[in-house]
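Take a look at the fold below.

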Amino acid sequence: MAFMKKNIQQQRILILDFGSQYAQLIARRVREIGVYCELKPWNISEAEIRAFNPSGIILSGGPASTTEPGSPRAAAYVFSAGLPVLGICYGMQTMAVQLGGSVSGASAREFGHASMTLSTDCTLTRDIHDGLDPAGKPLLDVWMSHGDSVTTLPCGFVSIASTPTCPVAAMVNEEKRFYAVQFHPEVTHTHQGVRILARFVLDLCRCQALWAPAAIIEDIVHRLRQQIGDDHVILGLSGGVDSSVTALLLQRAIGNRLTCVFIDNGLLRLHEAEQVMAMFGDQFGLNIVHIAAQQRFLNALTGIDEPEEKRKIIGNMFVALFDEQASRQKQVKWLAQGTIYPDIIESAAAGASGAHVIKSHHNVAGLPETMKLALAEPLKELFKDEVRKIGLELGLSHEMLHRHPFPGPGLAVRVLGEVRKEYCDLLRRADVIFIEELHRADLYYKVSQAFTVFLPVRSVGVMGDGRKYEWVVALRAVETTDFMTASWARLPYEFLALVSSRIINEISGISRVVFDISSKPPATIEWE
């Protein structure tokens with residue numbers, strides 16, 4: 001009997017996005033539970049839902065109010081398909097309205113922690129609680145974020161939970177397998193949230209937990225082999241997580257028919273070019289074309305101090321160099337890129353009327369249409385944390401996969417003003433000291449991003465009995481969950497004193513170190 005490969009995407013959850021800031025988080029939680037899911041715009045059609053063939057549907061939260069004319073509604077088919085449905089926040093409210101109930105503005109809005117009393121037993125929450133009230137009823141610690149509430153239950157529904165300000169905090173119709181919660185189970189502030197989502201996905205939707213790193217790798221490699229056949233592929237390898245994992249997946253799928261192009265622009269971290277070549281060339285045996293282009297980039301940046309102009313010059317130079325190399329690879333038919341799922345989601349959200357418009361993504365700063373290569377994007381269904389997990393499974397180190405973000409233009413946007421080799425060299429050395437000490441103090445993984453910035457100003461210093469007039473660098477460290485907002489990291493004074501002392505004493509040319517205490521907003525994380 002022929003071996004039949006199990007389709008790890010066959011059992012799948014459809015998440016309809018009503019615009020919640022947590023919508024991607026719902027998808028990540030379902031994936032973490034071990035079940036494949038996709039996030040789609042709230043207004044997809046019945047035909048699209050049928051084509052997706054979900055095992056269950058989740059309706060996300062959103063910023064609109066169902067009391068407003070023209071507010072979003074799910075396709076009627078969602079409630080006639082015979083599938084389990086879970087409504088979250090706005091998803092609960094549109095479920096109520098669409099099935100004959102009513103929603104009104106609440107007398108007291110709920111934002112933040114709430115203690116919710118479970119009054120009625122149901123499959124979704126059975127044996128899941130954080131404690132008991134004095135009467136012995138189960139309690140859940142949940143995270144609320146709503147101004148409207150369900151005031152009339154649809155026919156066939158019962159209220160199963162309440163808070164002091166929200167009489168209907170959850171409702172169910174067990175016969176139809178419709179469940180709805182006013183709180184957000186996807187956020188960590190709802191302590192039992194993942195258990196509730198797992199109960200819906202695994203028990204009520206009867207999905208198996210097949211979505212795991214080893215199975216994902218096997219699935220991607222299988223599909224790459226089917227897609228590419230005997231053709232050759234070219235990939236821009238930056239040494240970042242996405243392009244590195246893409247390279248190893250392609251190597252596993254097609255072997256030496258993959259050509260990686262690594263462009264050393266002279267704007268990388270200290271010894272990074274040598275590390276990339278050693279890791280992927282020597283350790284993993286990838287076929288890499290190393291383009292040493294430091295002088296070309298620095299020449300192109302001479303006299304340029306405006307940040308956006310620097311970015312454009314660097315992007316165009318990457319395109320030109322990559323295009324030159326691709327044109328020499330006559331046998332290449334495919335371009336591989338490290339596009340990940342959030343890129344796809346954000347592109348679709350930007351499309352008119354919820355259309356699934358997928359923009360051109362890039363590891364090499366955007367490529368000319370004249371290249372005429374077919375596109376292979378093996379990571380396009382994965383979130384960043386999933387990419388890291390399969391990278392670990394493929395043999396990449398935890399340290400490499402969890403390095404702090406590094407900007408595409410590299411040190412060009414961490415050297416303020418004009419970029420010169422002298423400035424980059426000083427910055428590289430100072431940054432190494434900062435990162436070394438963060439690791440030594442066990443602080444590196446406690447901050448989200450940390451780096452050093454070169455300031456094009458001189459400051460008076462004294463070394464021994466001599467007066468110095470040398471450069472200033474700034475240390476930047478932030479804490480964030482989404483990089484949309486960020487707080488400056490409260491690093492210990494003793495730690496900052498040690499880093500400052502090392503930089504000034506060990507690097508000739510730097511006389512002063514400052515620490516950036518700006519949050520985002522109003523500041524950005526990077527200085528340029």
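The text below goes from overall shape to a single element.

This is a predicted model, in which local features need pLDDT of at least 70, side-chain atom pairs count only at pLDDT 80 or more, and totals for chains, interfaces and linings use all residues. Residues are numbered from 1 along each chain as its sequence is written, and side-chain values use heavy atoms, with hydrogens and water left out.

The protein chain has 14 helices and 19 strands. These are DSSP runs numbered from the N terminus: helices are H or I with at least four residues, strands are E with at least two. The radius of gyration, taken over C-alpha atoms, is 27 Å. Along the principal axes, the C-alpha atoms fill a box of roughly 80 × 65 × 45 Å.

Now look inside. Of the 528 residues, 53% count as buried. Buried means under 20% relative accessible area, with a 1.4 Å probe and protein chains only. Contacts (heavy atoms within 4.5 Å) also reach along the sequence. Among those with a separation of 6 or more, 75% join residues 24 or more positions apart.

Finally, find helix H3, residues 90-98. Here 7 of the 9 residues are buried, so H3 is largely enclosed by the rest of the structure. Among the buried ones are Tyr90, Met92 and Met95. After H3 comes Gly100, with a positive phi near 105°.

Conventions. The radius of gyration is taken over C-alpha atoms; the globule rule is 2.2 Å times the number of residues to the power 0.38. Buried means under 20% relative accessible area, exposed over 50%, partly exposed in between (1.4 Å probe, protein chains only).
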